[in-house]
Amino acid sequence: MNTPAETSPSTSADPAVPNPAASGSAGSGPDLADPRFWQLPAAVRSAAFAELRRRPAPAYFGERATGRGFHALVRHADVVEASRTPAVFLSGPGVTTPEPARWVRVLFGDSMVNLDAPRHAQLRRIVSQAFTPRLLGRVEEDVHRIATALVDEVERSRPEDFVGAVAAQLPFQVICTMMGIPEEPRRAILALVDRSSADIGVARPRRRLRVPGRGLAALARMQGIVAGIGRERRRRPAEDLISALVTADVDGRRLTGRELGAFFTLLLVAGVETTRNALSHGLHLLTAHPEQRALLLGDLDGRLDGAVDEIVRHSTPIIQFRRTLAMDHELGGPGGPLLRAGEKVALYYGSANRDETVFPDPDAFDITRSPNPHLGFGGGGPHYCLGAHLARQEMAVLLRELYTRLPAVRSVGEPDLVPSSFDHRIRSLRFTF
Ligand code: HEM
């Protein structure tokens, strides 16, 4: 376990050594590198981040597991700066914690979140073709159809868990439909996704933050299924995302089978888990704040989009991603805290979304908040969430369907949260209508 007292000593040869210029070393305050921090009640963590935002420079946290550490970017402006200065703040060495091992990247292909220009731009151009307004327009019909069928099923079978029955189903079915995954392997793929992400979080205190190992076999099987479909579509293209990806010719390039598998895995992790958590937090927030729910139901057309963005701001499904400094950089401009080449920074989206200099009364859940420049989908720049439009669409369609057909729908009790430094995950949420 990585306790404050146990954080690894660093040497001056280590580029991740905290440097005096970025002097906000954590001291006796909260330790974001300690898994136990992520098991504290939300209010305690929120107060700790508020305190970190008041410090003059980003605090530094050492990690025992890696022998290195990171500066915590907790303010809105700092997260935006790091996101929009990709030549300085690199994604290449890996944005998750711990970084994916080299052999994993060789075997499974690089995920675009972990790439920098020019390869990132090239890959993003290829996959962006699948997110054009024309294709997304077609997807909207699918989103409606799937959401309607899910609410039909809720009425019929009265399930108890909102996450499993509704929130996880919608984004998963939408992505499978977009990709053109036939019905038959979907159940197997969903089980593999569950298995591959089973170790995320810090539910068991003696575990490291993220342990991808056990999920790798599941990942390999999942990618095998998708690569097989890709080969088939290259021979006989259909009107779907996999066909577009394996036949697209951008800068003389198209996706290889391995890249296709890596992209599908990214979509499942980035697009399914996040949206499922946002939807679950949404139902719970609207239950816990009856006045906001009344506002929403009073003018669904006028307030739904605002509600969706406020749910994403308030719940911030992805807590943080990392960047690595390509060169020395003064944060905020000349004279600002010096971050040195080779050091890592963690971009705390949740903290940026509670920055009191940007959001008045930041802890309040207010669906009429305007403007709402939250960073739930990232701080802008080349890695900004590719699925932001789709996620908003899925959330709006499902909430409309639910509150129109089952106006009494509400969560029951507290959500079963998975403590994690990476995603704001809800394992299950009881509900009734
Ligand atoms: C509420 C739901 C979602 C949230 C909160 C979310 C959040 C994020 C965040 C924070 C990033 C990193 C941005 C950065 O580094 O600047 C990201 C990247 C990404 N997201 Fe989402 N996301 C959501 C839904 C989706 C969906 C539905 C899809 C696709 C179907 C998707 C696909 C991606 C991809 C492919 C990337 C990597 C983009 C790149 O590296 O160029 N996301 N998302």
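## A five-stranded sheet

Let's start with the sheet: 5 strands make up an open, mixed sheet in the order E1-E2-E7-E4-E3. Strands E1 (60-62) and E3 (89-90) stand at the edges with a single partner strand each, so one side of each has no neighbour in the sheet. Strands here are DSSP runs of E with at least two residues, helices are runs of H or I with at least four, and both are numbered from the N terminus. Two strands pair if DSSP finds at least two bridges between them.

This is a predicted model, in which local features need pLDDT of at least 70, side-chain atom pairs count only at pLDDT 80 or more, and totals for chains, interfaces and linings use all residues. Residues are numbered from 1 along each chain as its sequence is written, and side-chain values use heavy atoms, leaving out hydrogens and water.

## Inside the sheet

Strand E2 (residues 69-73) runs parallel to strand E7 (residues 344-348), with 3 bridges between them. Leu-73 has Leu-347 in E7 as its bridge partner.

Strands E8 (residues 410-418) and E9 (residues 425-432) are antiparallel and share 6 bridges.

## Cysteines

How many disulfides does a search of the whole structure find? It finds 0, where a disulfide is a pair of cysteine sulfur atoms within 2.5 Å. Cys-176 is buried at 0% relative accessible area, while Cys-385 is partly exposed at 28%. Buried means under 20% relative accessible area, exposed over 50%, and partly exposed in between (1.4 Å probe, protein chains only).
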